[in-house]
Amino acid sequence: VTASTSGRAIDAESGSGNVTVNSSATTIHGVSRGIYALTTGAIDIGGNTGIVSEITGVTGSGSAGIDAEGGTGAVNIRTLASASMATIADAAYGILANSTTGGITINSASQIGSAGAGNGVNVAGILAQSSGSNATGITVNNTANIFVDDTTTPTYGIAAIGNLTTGNIAINNSGNIDPADFGLYAQGAGNVSITDSGTILGNTGIHAASLGAGTQTVQVLVT
């Protein structure tokens, strides 16, 4: 699957209906986006089996290997190791997921960026964020290495952010992250947890915080 000289290789949009994207092609070659999904309804990228295709070519400000722009519906993204994003060094994001109040779940086995100066993505390897009172929460599970160029502020290896999110926010990581302002960043208004068994290099290795009223639990487990 190949985009034109500027644009999205896969562009799936709806006003309020559900959007589903699956790909078993060898390569998805985009420019601004490899995969783009937009709706206020539910978004499912990869289904139960996961995106298989390597994502290449993505470059430029605001660009992403996978970009899910949701609303009140659930956002689910799943990638396999074959869906490498190792070559998208000039992309802003590897995986970007936004919702208003919909829950977000990301399961990534994709390497994002590569080792060496200038070979990482420019803003975040994985960024999942909700702008409204998301009661379901945000979960990011990552098993692959992520490389970020620390050329702007702030940069993240993996970030799950929902300052109004009352549902649980969780990051579970076993990949290596090198380097970023924040290796792992989880912040919400409910319970927040980070579990890590990878090697994290960053100005701040792990940030976990809850801004919610009342009693919340913040847990960090490094193994």
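Let's start with Arg 8: its charged end sits over the ring of Tyr 36, 3.7 Å from the ring centre. Keep in mind that this is a predicted model. Beyond that spot, here's a quick look at some aromatic rings and at one serine.

**Aromatic rings**

- A pair of aromatic rings is described by how far apart the centres are and by the angle of the planes.
- The count of aromatic pairs here comes to three.
- Take Tyr 156 and Phe 182: their ring centres are 5.8 Å apart and their planes are at 20°. Planes under 30 degrees apart count as stacked, so this pair is stacked.
- Tyr 156 belongs to strand β14 (residues 156–162) and Phe 182 to strand β16 (residues 177–188), so the pair ties together parts that are 26 residues apart in sequence.
- Phe 182 also pairs with Tyr 185, this time edge-to-face, with 4.9 Å from centre to centre and 80° between the planes.
- Put together, ring pairs link Tyr 156, Phe 182 and Tyr 185 into a cluster.

- You'll find Ser 99 in strand β9 (residues 91–99).
- Ser 99 has 4% relative accessibility, so it counts as buried.
- What does its side chain reach? The side chain of Ser 99 gets to the backbone oxygen of Gly 102 at 2.7 Å, and it makes a polar contact with the side chain of Ser 130 (2.7 Å).
- Leaving aside neighbours within four places in sequence, Ser 99 is in contact with several residues, including Gly 70, Val 75, Ile 104 and Asn 134.

Technical notes: Residues are numbered from 1 along each chain as its sequence is written. This is a predicted model: local features need pLDDT of at least 70, side-chain atom pairs count only at pLDDT 80 or more; totals for chains, interfaces and linings use all residues. Side-chain values use heavy atoms; hydrogens and water are left out. Rings of Phe, Tyr and Trp (its six-membered ring) pair if their centres lie within 6.5 Å; planes under 30 degrees apart count as stacked, over 60 as edge-to-face and the rest as tilted. Helices (H or I, at least four residues) and strands (E, at least two) are DSSP runs, numbered from the N terminus. A charge sits over a ring if NZ of Lys or CZ of Arg is within 6 Å of the ring centre and within 35 degrees of the ring normal. Buried means under 20% relative accessible area, exposed over 50%, partly exposed in between (1.4 Å probe, protein chains only). A polar contact is a pair of N or O atoms within 3.5 Å; within protein, one must be able to donate a hydrogen and the other to accept it, and residues adjacent in sequence count only if both atoms are side-chain atoms. Contact means heavy atoms within 4.5 Å.
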